[in-house]
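Look at the sequence and the structure, then read the points below.

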Amino acid sequence: MSLLKEPDLGTPARPGAATVDLEIDGQRVSVPEGTSVMRAAALAGVDVPKLCATDSLESFGSCRLCLVEVDGVKGTPASCTLSVSAGMSVHTQSDKLARLRRGVMELYISDHPLDCLTCPANGDCELQDMAGVVGLREVRYGYDGANHLDAPKDTSNPYFEFDPSKCIACSRCVRACGEVQGTFALTISGRGFASHVSAGAEEPFLESECVSCGACVQACPTSTLQEKSVVDLGMPTRSVLTTCAYCGVGCSFKAELRGDEVVRMVPAKTGGANEGHSCVKGRFAFGYASHPDRVLTPLMRESIDQEWREASWDEAIGFVGRRFRELQAAHGPGVIGGITSSRTTNEEVYVVQRMVRAAFGNNNVDTCARVCHSPTGYGLKQTFGTSAGTQDFRSVDDADVMVVIGANPTDGHPVFASRMKRRLREGASLIVIDPRRIDLVRTPHVEAAQHLQLAPGTNVAVVNAMAHTVVTEGLVDADFVAERCEGYVEWAEFVARAENSPEALAEVSGVPAEQLRAAARTYAAGPNSAIYYGLGVTEHSQGSTMVMGMANLAMATGNIGRRGVGVNPLRGQNNVQGSCDMGSFPHELPGYRHVSDASVRAVYDELWGSTILAEPGLRIPNMFDAALDGSFRGLFVQGEDVAQSDPNTQHVTAALSALDLLVVQDLFLNETAKYAHVFLPGTSFLEKDGTFTNAERRINRVRPVMPPRTGKHEWQVACEIAQVMGYDMSYDDTSQIMDEIAATTPTFTGVSFDLLDKVGSVQWPCNAEHPLGTEIMHEGTFTRGRGHFVQTPYVATTERSTRRYPLILTTGRILSQYNVGAQTRRTANVAWHPEDILEIHPHDAEDRGIEDGDLVTLSSRVGATTLHARLADRMPVGVVYTTFHHPVSGANVVTTENSDWATNCPEYKVTAVQVARARSTATDEEVEAAQPTDAQSGVGVLRSHA
Ligand code: SF4
Ligand code: SF4
Ligand code: SF4
Ligand code: FES
């Protein structure tokens with residue numbers, strides 16, 4: 001399916017139209033200007049020996065193995081650092097070159113352990129290969145001189161080890177950590193013979209600033225940096241090309257296996273989203289798929305206070321289908337519904353929404369995007385006409401100004417963050433708009449030009465103040481607006497009002513007026529300015545308003561429709577874009593077409609033999625409310641832990657407890673399963689067959705590395721439930737499902753598994769007009785015709801700090817864990833983040849007698865939990881922060897039911913709270929405020945981490 005070893009052309013490609021003709025070993029070759037002789041030779045099929053060069057890194061020229069001779073040039077230049085020139089004649093083989101290369105190899109080998117046969121890298125070691133290539137037969141210097149053979153191993157990282165005795169000081173790891181990852185955790189310390197690789201300040205890897213991305217391991221030509229899994233299991237023997245199942249970056253990986261066992265995940269150089277890079281989750285945290293907690297057999301019980309019993313698939317599916325029908329017969333067709341998962345494939349989502357619309361006979365289908373990027377869908381559709389980001393990731397390479405709003409890419413979207421950092425090191429400017437001083441504000445060789453440290457909940461005030469500056473200071477791209485947009489005059493009149501001036505909004509937002517004006521001027525000046533944003537934009541009561549505010553700003557300054565610009569949601573889950581595309585919302589059929597559109601319904605009704613309702617169904621929060629009032633009775637939840645991830649846990653669990661039938665399909669018995677009657681085991685990404693769509697609309701293949709460990713694919717389960725309910729739905733395989741999606745969804749008409757196998761990936765729209773997909777949206781014209789300016793009045797959230805709850809809590813993710821942690825908590829990633837921590841400014845901590853590491857009570861008007869505190873001056877005074885990866889701390893116990901006005905996306909980012917030292921120093925009032933309410937399930941309430 002994919003190559004175990006991808007070709008390595010030695011140095012990076014130099015894209016460009018102008019080409020240079022030269023001759024290598026008598027062969028004529030034509031390559032882009034700036035290409036190295038080494039790469040030109042490789043492209044001509046001539047491999048020059050190399051050790052310090054690899055095509056993911058700029059050439060370094062240290063090993064001197066790649067020497068060549070060039071007619072008319074003195075000496076033997078290194079081919080990796082020598083650029084091609086017109087008419088050059090290069091010779092890669094001669095007696096002299098062979099002698100020189102053997103001499104180099106002799107020196108390396110004289111200080112290298114001769115344990116090839118027992119070395120884990122045997123068969124995958126470039127030093128070993130090169131010894132063979134140069135014909136090394138003897139080592140004249142012997143092995144007894146000064147050497148590094150006794151240097152101790154560093155095994156501190158959970159996933160890879162560092163054995164300096166094997167290091168050849170080629171610096172590939174150091175360069176990978178800097179150039180590719182942008183962390184700069186490694187250096188070559190010492191000089192001459194004493195030079196050696198060190199992490200941080202000569203620390204073990206785990207204690208250094210290393211983020212365990214694995215780029216150095218991948219770059220290392222020897223076994224010095226080696227995956228522990230390879231040491232334990234041996235070298236892989238085959239590979240399958242697939243896609244990471246964590247975040248919306250959608251990195252492509254080779255799953256490398258030995259027999260049936262996955263030995264390692266290696267990021268694919270051909271991956272459109274990641275181009276050979278990865279983060280700690282995708283590369284290393286895949287062990288959850290074989291964790292003993294995995295449930296592989298259906299489970300059933302009469303009521304939620306009983307123990308589970310194992311059941312056959314037939315019994316479980318039969319019960320689910322019959323019970324759903326009974327509930328409908330007794331209470332009406334609208335009393336059941338389903339929640340699709342952004343962790344499953346497009347094909348699985350499509351089948352579940354079909355099950356709901358055609359077999360359940362209602363539109364009660366919603367998805368976890370409800371709680372993350374539903375405002376993106378709404379806001380971008382209103383303004384641009386498409387519910388998706390405008391650019392591909394590569395576009396950032398052309399950005400002059402990046403504005404990062406409410407996102408923390410180094411933790412949430414790490415591979416894209418590395419790309420951003422590279423562009424910033426090249427000189428692009430960065431504006432960060434975030435209450436917290438996120439890592440991007442200041443990181444090695446990167447410093448934000450501006451950090452607008454706004455008060456949580458005031459995004460719209462900030463964007464309006466920036467728009468005011470653009471309009472009133474004459475920074476509008478008048479030609480772009482006149483040619484391509486509508487509604488400008490009214491919008492300009494609105495933002496130009498005094499109430500939207502930076503001076504008026506400075507107090508509201510907490511950002512000085514001059515900073516607001518400066519940010520607007522920098523953004524408008526570009527010339528290419530790109531906005532990247534995350535859940536810090538959407539998860540607010542004005543989430544949709546803010547999305548439209550950013551779109552307005554981009555249109556007003558002409559920053560749409562070409563490379564280097566755009567409005568780009570950094571989407572959270574691996575397939576959240578796809579689950580939205582596939583018709584998971586109660587009001588939209590696949591391709592974002594409203595259920596009220598009779599012509600669209602007719603397409604599906606004819607194909608499915610159904611009668612789709614013209615009225616939108618229930619959203620997730622409506623389902624919970626209806627469950628509590630008895631008008632909603634049965635729910636199918638696929639791959640989403642609503643009891644942990646949705647706000648106001650007590651309300652959610654009370655609603656789940658009220659259901660007559662709750663069916664949960666997942667890998668593990670999660671928090672939601674505590675309220676379920678039937679648990680259906682789900683498949684991990686290693687077992688899935690289908691596609692994921694990432695944040696840049698890129699459709700990537702997910703190929704099965706092994707058959708479903710549960711015995712059934714998830715789409716098969718949905719089909720069988722539908723069949724028990726009397727609705728005939730079946731597919732031969734997943735490519736047939738994609739064919740149906742393509743046949744019925746205008747933006748997907750060109751997509752097929754065959755095409756993806758041929759070209760790797762495509763970005764939708766992929767159709768007759770764009771047969772290979774669309775990298776940049778809205779070129780020339782907007783999807784809706786003219787871009788639409790929408791007025792965005794700032795309305796303060798009703799969630800305010802009070803005397804009783806004087807602090808504002810905001811939440812987010814950390815690099816090593818993922819969302820509710822169901823997967824990452826079951827891997828060695830817990831080494832970096834064993835528990836959720838509350839970050840609090842030292843002044844707020846001092847006021848409360850809290851010291852670093854203290855156990856504290858975090859309470860809001862809806863609930864309370866306990867966790868350890870970390871004093872962090874990256875927090876502004878008055879704002880505290882935590883993650884929600886561990887159910888034991890259950891951060892959502894304290895978040896409220898406030899939500900976005902347009903989409904009901906919860907306002908996770910603003911909750912008024914109090915923090916007090918747990919136990920000894922809390923006042924009576926604080927303790928009272930921290931007590932659980934009756935409805936609380938006990939999840940995360942006043943528990944310590946002990
Ligand atoms: S794993 Fe990544 S961050 Fe850590 S040292 Fe290697 S390249 Fe740098
Ligand atoms: S650890 Fe590997 S990549 Fe780094 S200098 Fe040594 S041999 Fe080269
Ligand atoms: S950046 Fe996202 S998609 Fe890529 S490896 Fe990490 S978690 Fe996976
Ligand atoms: S590969 Fe060119 S000097 Fe090392």
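How many helices and strands does the secondary structure of the chain come to? The count is 29 helices and 38 strands. The chain is as compact as a globular protein of its length, because its radius of gyration is 29 Å, close to the 30 Å that the globule rule gives for 946 residues. The model is a predicted one.

**Overall build**
- The C-alpha trace of the chain spans about 90 × 70 × 65 Å along its principal axes.
- Of the 946 residues, 63% count as buried.
- Among contacts in the chain with a separation of 6 or more, 73% come from residues 24 or more positions apart.

**An open sheet and a helix across it**
- An open sheet is formed by 7 strands, in the order β13-β12-β28-β27-β26-β14-β15, with mixed pairing.
- At the edges are β13 (309-310) and β15 (365-367), each of which pairs on one side only.
- Strand β14 (residues 336-340) pairs with β15 in the parallel sense, over 3 bridges.
- Gly 338 has Val 365 of β15 as its bridge partner.
- Helix α8 (residues 313-331) lies across β12 (299-300), β13, β14, β26 (634-638), β27 (661-666) and β28 (678-681).
- The helix α8 runs at about 140 degrees to β27.

**An enclosed strand**
- Strand β37 (residues 879-883) is largely enclosed by the rest of the structure, because 5 of its 5 residues are buried.
- On one side of β37 the buried residues are Val 879, Tyr 881 and Thr 883, and on the other they are Val 880 and Thr 882, so both faces are covered.
- Strand β33 (residues 807-812) runs parallel to β37 and is joined to it by 5 bridges.
- Leu 809 has Val 880 of β37 as its bridge partner.

**Surroundings of ligand 1**
- The residues around ligand 1 are Phe 160, Cys 177, Leu 186, Phe 205, Cys 210, Val 211, Ser 212, Cys 213, Gly 214, Ala 215 and Cys 216.
- By class, this shell has 9 nonpolar and 2 polar residues, and no charged residues.

Definitions and conventions: Residues are numbered from 1 along each chain as its sequence is written. Chains are lettered from A and ligands numbered from 1 in the order in which they are written. This is a predicted model: local features need pLDDT of at least 70, side-chain atom pairs count only at pLDDT 80 or more; totals for chains, interfaces and linings use all residues. Side-chain values use heavy atoms; hydrogens and water are left out. Two strands pair if DSSP finds at least two bridges between them. Helices (H or I, at least four residues) and strands (E, at least two) are DSSP runs, numbered from the N terminus. Contact means heavy atoms within 4.5 Å. Axes are lines fitted to C-alpha atoms, for helices over the stretch in contact, and angles run from 0 to 180 degrees between N-to-C directions. A residue is near a molecule or strand if one of its heavy atoms lies within 4 Å of it. Ala, Val, Leu, Ile, Met, Phe, Trp, Tyr, Cys and Pro count as nonpolar, Asp, Glu, Lys and Arg as charged, and the others, Gly among them, as polar. The radius of gyration is taken over C-alpha atoms; the globule rule is 2.2 Å times the number of residues to the power 0.38. Buried means under 20% relative accessible area, exposed over 50%, partly exposed in between (1.4 Å probe, protein chains only).
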